[in-house]
Amino acid sequence: MSDVRLTRDLVRSGWSHDELRRATRGGPARRVRRGAYVLGAEGDDLPDVETRHRELLDATMRLKPSGPVISHHSAALLHEIPLYRADLTKVALTRARRSGGRIAGPVHLRTAGLPEHHLTMLGGRQVTSPARTVVDLARVGSLYQAVAAGDHALHHELATAAELAEVLEVCRTWPGIGRARRAVTEMDGRSESVGESISRLVLAALGVPAQELQLEIVDVNGEVRRVDFAWPAHRVVGEFDGKVKYGRLLEPGQSPGDAVFAEKLREDAIRPLRWKVVRWTWSELFDQRSLRRRLELAFAPE
């Protein structure tokens, strides 16, 4: 993480407010929010949105060190739960009150109950637990975002189905709980990437028959090949190809090119067993008419 410095500390060390303003104009400083800067930053060389959110969160919590708990997308980021199309322009905090939520500057403050077992400590700061974070995201976000987050939490054993059910029960009268219940029923810890999670939802929306996830197939060489999606009755395999898959699931020392080549070898090894393989990328995933047609052709008897 970049070195976030509070304005008050910089002023104590000899910086003037005018010097800080000048330093942000293509110079060695970048303003994170009112009252906080990063020094040593190139003016036009901005970090990615997740890093900037971490900086914003760090600055905000140091300026207001007591009170609200880190929650929602900010908590997900700290738990390393992936965020699908999340708005990271504001820090998400929750205070244990009945009312008083507001959006002010770079902070979205919500109010809700915060049972002790829904909280954990990360980096010396109180954060909602993974299970509570997933349900909170499901209450306020899209189905895609919620399921991708929940799948990841279940797959990496950050949360259990029982813990998610407990949070749903505690929050049973809260706004958005109906959509959260629906999202939780769609979560499946067998999905290994955001792309696979979104693919599963898109396939369901297209009316594609239910598929088996992570099916293991013994290939012509006697090796076990695990595939993303499979329809054994039709001898069809579905594979999602995307940067998330090749970024998060690389083996040690493996490059994206190596991963692509390994995928091709795996596909070649199961084709002789009369498995048909349908692959799609992010762009193809949302060209739903084309994806449906390709799957229909694969399902059709030869």
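## Close-up views of a predicted model

**View 1. Thr94 stands opposite Arg110 in β7.** How do β5 and β7 pair, parallel or antiparallel? The two run in the parallel sense, with five bridges between β5 and β7 (residues 107-111). Strand β4 (residues 69-70) also pairs with β5, this time in the antiparallel sense and over two bridges. On that side, Thr94 in β5 has Val69 opposite. How many of the five residues of β5 are buried? Four of them are, so the strand counts as mostly covered. One general point for reading strands like these: in a regular strand, side chains alternate between the two faces of the sheet.

**View 2. Tyr84 and Tyr144 meet edge-to-face.** The model has six aromatic pairs in total. In this one, the rings of Tyr84 and Tyr144 sit 6.1 Å apart, centre to centre, with 65° between their planes, which makes the pair edge-to-face. Tyr84 comes from the loop between α4 (72-78) and β5 (91-95), while Tyr144 belongs to helix α6 (residues 143-155), so the contact ties together parts 60 residues apart in sequence. Is Tyr84 buried or exposed? Its relative accessibility is 9%, and since the cut-off for buried is under 20%, Tyr84 counts as buried. Tyr144, at 24%, counts as partly exposed.

**View 3. Trp231 and Phe299 form another edge-to-face pair.** Here the ring centres are 5.3 Å apart and the planes make an angle of 70°. Which elements does the pair link? Trp231 is in strand β11 (residues 224-231) and Phe299 is in helix α13 (residues 288-299), distant parts of the chain that lie 68 residues apart. Both Trp231 and Phe299 are buried.

**View 4. Residues 244-250 call for some caution.** Across the protein, the mean pLDDT is 89, and 89% of the residues reach 70 or more. Over residues 244-250, though, pLDDT falls below 50. This stretch still has 20 contacts in the model beyond near neighbours in sequence.

Conventions
Residues are numbered from 1 along each chain as its sequence is written. This is a predicted model: local features need pLDDT of at least 70, side-chain atom pairs count only at pLDDT 80 or more; totals for chains, interfaces and linings use all residues. Side-chain values use heavy atoms; hydrogens and water are left out. Rings of Phe, Tyr and Trp (its six-membered ring) pair if their centres lie within 6.5 Å; planes under 30 degrees apart count as stacked, over 60 as edge-to-face and the rest as tilted. Helices (H or I, at least four residues) and strands (E, at least two) are DSSP runs, numbered from the N terminus. Buried means under 20% relative accessible area, exposed over 50%, partly exposed in between (1.4 Å probe, protein chains only). Two strands pair if DSSP finds at least two bridges between them. pLDDT is the predictor's confidence in each residue, from 0 to 100. Contact means heavy atoms within 4.5 Å.
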